[in-house]
Amino acid sequence: MGPFRYLSHLALSSTFLVLTESKLSCTPDSFSTYLSSAGHDNATVLQAVKISNGDSFEVPASDIAYPQSPTDLPELCVVQLNVTSSATSAYTFGLFLPTEWNERFLAVGNGGFAGGINWADMGVGARYGFASMSTDTGHNSVLSDGSWAYNEPERLIDWGYRAMHGSVVLAKEVTAQYYGEELKYNYYSGCSTGGRQGLRSVELYPDDFDGVIAGAPAWWTSHMQPWTVKIGTYNAEPTSQIPESMFDVIGEEIIRQCDPQDGLVDRIVSAPQQCNVRLETLLCQGTNATQCLSPAQLGTLRQIYSDYVDVNQTFVFPHLLPGSEAEWALLVNNGTSAALGIDYVRYFLGLGKQWSQDQFDYSTVQLADQLDPGNATADDFDISPFHHKGGKLLMYHGMSDGWIPTDSSLYFYNHVAEQLVPRGIDLDSFYRFFYVPGMQHCTGTPQSMHAPWYFAGPNQAPTLSSSLHSVPEYMDARHDILLALMQWVENGTAPEPLIATTWQNDTTQDTVYRQRPLCFYPQKAVYTGEGDAKQAKNWECRSQY
């Protein structure tokens with residue numbers, strides 16, 4: 001389905017696609033001439049090429065962070081600019097400018113420490129008709145490599161916020177010049193680090209976007225990265241180490257105990273916070289010494305499910321929720337802390353390559369708080385300027401996320417509430433937070449749950465297909481979070497609820513397996529007790545089970 005037919009489902013009088021007669025030609029010389037005339041002497045055109053309808057954009061092999069090439073693109077102009085941000089730093093951004101343009105701009109986010117242009121998510125945006133943009137945040141690396149940050153304060157500032165803001169401002173200007181008209185609305189969509197980038201934009205630059213989608217945000221950088229080291233230490237001692245082969249066994253026991261908490265036995269853990277798990281059921285008994293845990297291993301499991309609290313009972317970071325076990329291989333693993341934590345301490349905090357996880361203690365957290373490298377932590381909870389300018393924020397987090405603890409998002413939401421509610425600001429009027437039962441980090445669901453997880457969120461479409469956008473057969477604002485955001489911003493119709501989808505074998509070529517509403521906090525989806533529980537119409541949002 002082409003972008004024009006797709007957007008007709010929005011029923012938004014102000015949403016339409018136009019065949020543009022470009023004011024700039026899709027050539028490097030044309031864009032260079034404009035940048036020079038506009039005084040952008042710090043910007044250089046790296047490429048400007050046409051893509052024909054139905055063709056692909058081949059991602060260069062040097063772009064190691066996001067190697068997936070978007071396919072089946074609409075006719076568009078690919079522009080790539082490099083911008084000098086300081087005497088020792090520069091960033092690059094890519095821009096897709098579709099011929100059939102919806103008069104709107106969409107910036108997409110990054111992940112982890114990744115330095116690269118997210119061409120795949122840009123392709124998703126272009127298929128809707130957006131002028132879509134992504135920045136490399138000022139470096140070239142895969143998501144787990146933080147070595148680029150060592151003794152590079154300016155590059156850290158680019159990663160923290162400057163590259164996104166600078167790219168957005170210039171990309172919007174170039175877009176308006178290319179089409180010869182002003183942009184009607186500006187949107188953002190990102191998950192993980194991309195979620196943090198969205199929240200940081202809301203806090204620092206409330207005028208950058210009219211609507212923001214922030215999925216599973218890695219917002220508390222100065223605490224989350226040290227926690228990533230800490231959780232790796234839990235499973236380091238050989239006498240108490242839980243082997244990776246036990247993660248699925250633990251996950252099955254969690255489903256057995258916690259699945260019924262939401263009122264329906266369907267193998268989806270929808271209320272892990274309300275589940276009073278009895279972990280002792282996993283203890284080895286008598287001659288049964290396999291597929292079970294020793295008392296020492298049980299102690300490790302209790303640590304994993306416990307908040308990180310340190311000196312003087314200081315709360316540092318929330319714990320992973322029961323139901324997240326299928327993603328434990330990255331952080332819990334065999335007791336070696338993940339690079340997302342180690343590299344942060346070594347290179348972002350400047351302690352050097354010789355630093356090792358056995359040196360970790362609370363002083364590491366204190367140093368991270370003191371430095372907050374790149375001013376990246378999104379803890380400016382007073383987002384009233386974004387509210388006052390009419391901005392809308394949709395945030396969500398998968399309840400089976402094993403990379404970023406789900407309730408770190410609830411912590412953020414509650415702290416925003418503490419800032420705004422006493423001043424008479426109704427959060428529901430501009431900011432809604434959705435739990436996604438059974439969804440892992442940004443995308444996917446454990447095979448043991450097969451929960452509905454797809455709602456066209458950031459990063460989701462490229463995991464299923466290099467040519468996908470929106471929700472096949474359900475291209476509307478109820479099933480597509482980007483369309484829901486547009487409808488809220490442009491029509492004032494708030495999403496309540498969203499509907500998530502999953503397919504047989506989790507491929508869109510198969511039939512839909514089940515759908516379920518996603519209710520905004522503090523409401524929860526409850527089965528009515530009548531009809532097929534795999535159909536969203538037989539669920540409703542309630543304040544409690």
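This is a predicted model: local features need pLDDT of at least 70, side-chain atom pairs count only at pLDDT 80 or more; totals for chains, interfaces and linings use all residues.
**Close-up 1. Helix 8 and the elements that cover its buried residues.** Helix 8 itself spans residues 295-304, and its buried residues are Gln 297, Leu 298, Thr 300, Leu 301 and Ile 304. When the helix is seen down its axis, these buried residues fall within an arc of 155°, so they line one face of helix 8. As a general point, an α-helix has 3.6 residues a turn, so residues three or four places apart point the same way.

**Close-up 2. The contact between domain 2 and domain 3.** The domain assignment divides the protein chain into domain 1 (22-183), domain 2 (186-219 + 378-544) and domain 3 (224-371). The centres of domain 2 and domain 3, taken over C-alpha atoms, are separated by 25 Å, and the contact draws on 28 residues from domain 2 and 26 residues from domain 3. Together the two domains bury about 2300 Å² between them, with 63% of this area on carbon and sulfur atoms. Of the area that domain 2 buries against domain 3, Met 399, Trp 403 and Pro 405 supply 26%, which is more than any other three residues.

**Close-up 3. Polar links and contributing elements between domain 2 and domain 3.** Between domain 2 and domain 3 the count is one salt bridge, while the count of residue pairs in polar contact, with both residues at pLDDT 80 or more, is nine. On the side of domain 2 that touches domain 3, helix 13 (407-420), strand 15 (512-518) and strand 16 (524-527) each supply at least two residues. Helix 13 gives the most to this side of domain 2, with three residues.

**Close-up 4. The salt bridge of Arg 516 and Asp 266.** Arg 516 forms a salt bridge with Asp 266, and the closest N and O atoms of the pair lie 2.8 Å apart.

Close-up 5. Ala 163 has its place in helix 4, which covers residues 153-179. Ala 163 counts as buried because its relative accessibility is 0%, where buried means under 20%. Leaving aside residues up to four places away in sequence, Ala 163 touches Tyr 91, Thr 135, Thr 137, Gly 138 and Asp 158. Tyr 521, by contrast, is 358 residues apart from Ala 163 in sequence and 32 Å apart in space, C-alpha to C-alpha.

How values were computed: Residues are numbered from 1 along each chain as its sequence is written. Side-chain values use heavy atoms; hydrogens and water are left out. Buried means under 20% relative accessible area, exposed over 50%, partly exposed in between (1.4 Å probe, protein chains only). Helices (H or I, at least four residues) and strands (E, at least two) are DSSP runs, numbered from the N terminus. The arc is that of the directions from the helix axis to the C-beta atoms. Domain bounds come from an automatic or database domain assignment. Contact means heavy atoms within 4.5 Å. Buried area is the accessible area (1.4 Å probe) that two parts lose on being put together, summed over both. A salt bridge is a side-chain nitrogen of Lys or Arg within 4 Å of a carboxyl oxygen of Asp or Glu. A polar contact is a pair of N or O atoms within 3.5 Å; within protein, one must be able to donate a hydrogen and the other to accept it, and residues adjacent in sequence count only if both atoms are side-chain atoms.
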